[in-house]
Amino acid sequence: MAFSASPHCAPPLHRFGLRRFPPPQPPLAFMRCPFFSSSSRPVYFSPAPTLRIIVSANSKKPYSGRSADSTSASAIDFLTLCHSLKTTKRKGWINHGIKDPESIADHMYRMALMALIAGDLPGVNRERCIKIAIVHDIAEAIVGDITPSCGVPKEEKSRREQAALTEMCKILGGGMRAAAEEIQELWLEYENNASLEANLVKDFDKVELILQALEYELEHGKVLNEFFLSTEGKFQTEIGKSWAREINSRRNSILAEKRKGPK
C-alpha cells in the first residue's frame, strides 16, 4: 500500500512493521522507545503477540522469550504504537509557522474534556462522546496528520486511515477483541457522522480547532483567518454553534481592540 513520503502527512505503514506482504526477513517495527527518554537509540520488537525480541538502549544483546500474559503484551504493543500520537505535531499549525505546536493527542484530549463538561443533552450518550473523541484520530498514529494541504483526496485519506486502524486493532490480538471491535465501531461512527454523538464530536473537533487558533493568534501575534473561515457555518449542534459563537465573539473583540491601537 503506497503512502506519501511526507514526514507529516502520511508516513508509510512499513515504518511500524505493518505490511501487506511478508518481507524477506521477519518484520521488525522501528520505534523510538518511550521508556528510554535519555537515549535516541531505537528499540525493535516483533509484532507477534507472544514473542518479544527487544534490543534495549543499553544492551546490544536481544532479549527473547514468551510472555506469560499475551493480553498484557498486546496492550503494551498497542499503547507503544499510540505513543506517536503524543509526539506528532498537527500539520496545519506547522504550515503556519507555529513553533512547537500541539500534538494529535493534545487535540483529542481537549475534545474529550469538551464532551465531559458538555452536560446532559437530550438523546446524547456523553460517555460515548468521550470515547469517540479519544479514538477519532487514532489512525494518525500510523498515517500522520493528513490535511488538505497534503493533496490527498478525502476518499483516499479515509481508506488509508481505515487500513491503519485495522492493523492497529490486530495488534490488540484475540484476547482484547472486544476492545478492538469497540475502537473500530467508534471510529466508523465518527467517520460516517452516523449518530448524535458523532455530530457533537464533529462539532467539538471544529470548536477545538478555532479555540486553538485563537490561542495561537494571541501567543504568536498571527492572524489565522483560514481556520475560522473553514469552519464557518459547518456546526451541526446547538452547543457547537454556541461555543463557536463565544470563541468568535472573543476574537472579534480582541481584533477590534487591536485596530484601535494603543490608547
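Mentor: In what follows, a residue is buried under 20% relative accessible area, exposed over 50% and partly exposed in between (1.4 Å probe, protein chains only). The model is predicted, so local features need pLDDT of at least 70 and side-chain atom pairs count only at pLDDT 80 or more, while totals for chains, interfaces and linings use all residues. Residues are numbered from 1 along each chain as its sequence is written, and side-chain values use heavy atoms, without hydrogens and water.

The structure holds 16 salt bridges, each a side-chain nitrogen of Lys or Arg within 4 Å of a carboxyl oxygen of Asp or Glu. One of them joins the side chains of Arg110 and Glu215, at 2.9 Å from N to O, and links distant parts of the chain, since Arg110 sits in helix 4 (residues 104-117) and Glu215 in helix 9, 105 residues apart; helices here are DSSP runs (H or I, at least four residues) numbered from the N terminus. Arg110 is partly exposed at 21% relative accessible area, and Glu215 is partly exposed at 29%.

Lys131 pairs with Glu182 in a salt bridge whose closest N and O atoms are 2.8 Å apart; Lys131 belongs to helix 5 (residues 126-135) and Glu182 to helix 8, so this pair ties together parts 51 residues apart in sequence. Lys131, at 29%, is partly exposed, and Glu182, at 32%, is partly exposed.

Lys170 is exposed at 53%, whereas Glu167 is buried at 9%. Finally, salt bridges with shared partners join Arg110, Glu208 and Glu215 into one network.

Terms used
Helices (H or I, at least four residues) and strands (E, at least two) are DSSP runs, numbered from the N terminus.
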